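Subject: Structure for you to look at

Hello,

Please take a look at the structure below. My notes on what was found follow it.

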Amino acid sequence: MNEQDSFFEKTEQQILFYLYDNRDHAVSKTELQKNIDTAPAESTLESILFSLKVKKLIEFDTYGNVAIA
């Protein structure tokens with residue numbers, strides 16, 4: 001596994017833990033961006049969220065908020 005893959009996987013795990021810890025309210029992409037410190041670039045966050053969505057680990061509501069699937 002190269003450094004990019006490791007970074008990606010670590011950030012996916014952080015996002016899932018954050019969503020789980022905050023499951024009592026809707027989490028916006030902006031909130032995730034502010035609180036997940038290893039996803040500095042918007043494009044990186046978007047690609048990680050897309051990956052998690054494809055894996056059916058997260059879902060988006062009609063307002064674009066993120067939640068554990």
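A word on terms before the findings: two residues are in contact when heavy atoms of theirs lie within 4.5 Å. Please also keep in mind that this is a predicted model.

**Confidence**

The mean pLDDT of the protein chain is 86. A value of 70 or more is reached by 88% of its residues. Among the elements, strand E1 (residues 58-60) has the highest mean pLDDT, at 95. Helix H3 (residues 42-54) has the lowest, at 85. Where pLDDT is low, the predicted coordinates should not be read in detail.

**Layout**

The protein chain has three helices and two strands. Along the sequence they follow the pattern α-α-α-β-β. There are 69 residues, and 30% of them count as buried. The chain exposes about 4700 Å². Carbon and sulfur atoms supply 53% of that area. Residues 24 or more positions apart account for 46% of them.

**The core**

Which residues make up the largest nonpolar core? There are 12 of them: Ile15, Tyr18, Leu19, Val27, Leu32, Ile36, Leu45, Ile48, Leu49, Leu52, Ile58 and Val66. H1 and H3 are the elements that give two or more residues to this core. The largest share, four residues, comes from H3.

**Tyrosine 18**

Start with this residue of the core. Tyrosine 18 sits in helix H1, which covers residues 3-21. Is tyrosine 18 buried or exposed? Its relative accessibility is 16%. Buried means under 20%, so tyrosine 18 counts as buried.

What does tyrosine 18 touch, leaving aside neighbours within four places in sequence? The list is Val27, Glu31, Leu32, Asn35 and Ile36. Val27, Leu32 and Ile36 are also listed in the largest nonpolar core. Isoleucine 36 is 18 residues from tyrosine 18 along the chain. Their C-alpha atoms are separated by 8.0 Å.

**Leucine 16**

Leucine 16 is also found in helix H1. Its relative accessibility is 25%. Buried needs a value under 20% and exposed one over 50%, so leucine 16 counts as partly exposed.

With neighbours within four places in sequence left out, leucine 16 is in contact with Leu52, Leu57, Ile58 and Ile68. Leu52 and Ile58 are listed in the core. In sequence, leucine 16 and leucine 52 are 36 residues apart. In space, C-alpha to C-alpha, they are 8.8 Å apart.

**Rings**

How many aromatic pairs does the structure hold? The number is zero.

**Lysine 56**

Lysine 56 is found in the loop between H3 and E1. Phi of lysine 56 is near 60°. That is a positive value in a residue other than glycine. What about its surface? Lysine 56 has 66% relative accessibility. Exposed means over 50%, so lysine 56 counts as exposed.

**Where to look**

End at lysine 56, in the loop between H3 and E1.

Best wishes

Terms used: Residues are numbered from 1 along each chain as its sequence is written. This is a predicted model: local features need pLDDT of at least 70, side-chain atom pairs count only at pLDDT 80 or more; totals for chains, interfaces and linings use all residues. Side-chain values use heavy atoms; hydrogens and water are left out. Buried means under 20% relative accessible area, exposed over 50%, partly exposed in between (1.4 Å probe, protein chains only). Rings of Phe, Tyr and Trp (its six-membered ring) pair if their centres lie within 6.5 Å; planes under 30 degrees apart count as stacked, over 60 as edge-to-face and the rest as tilted. pLDDT is the predictor's confidence in each residue, from 0 to 100. Accessible areas come from the Shrake-Rupley method with a 1.4 Å probe; for residues, only the protein chains shown count as cover. A nonpolar core is a set of buried Ala, Val, Leu, Ile, Met, Phe, Trp, Tyr and Cys residues joined through side-chain atoms within 4.5 Å.
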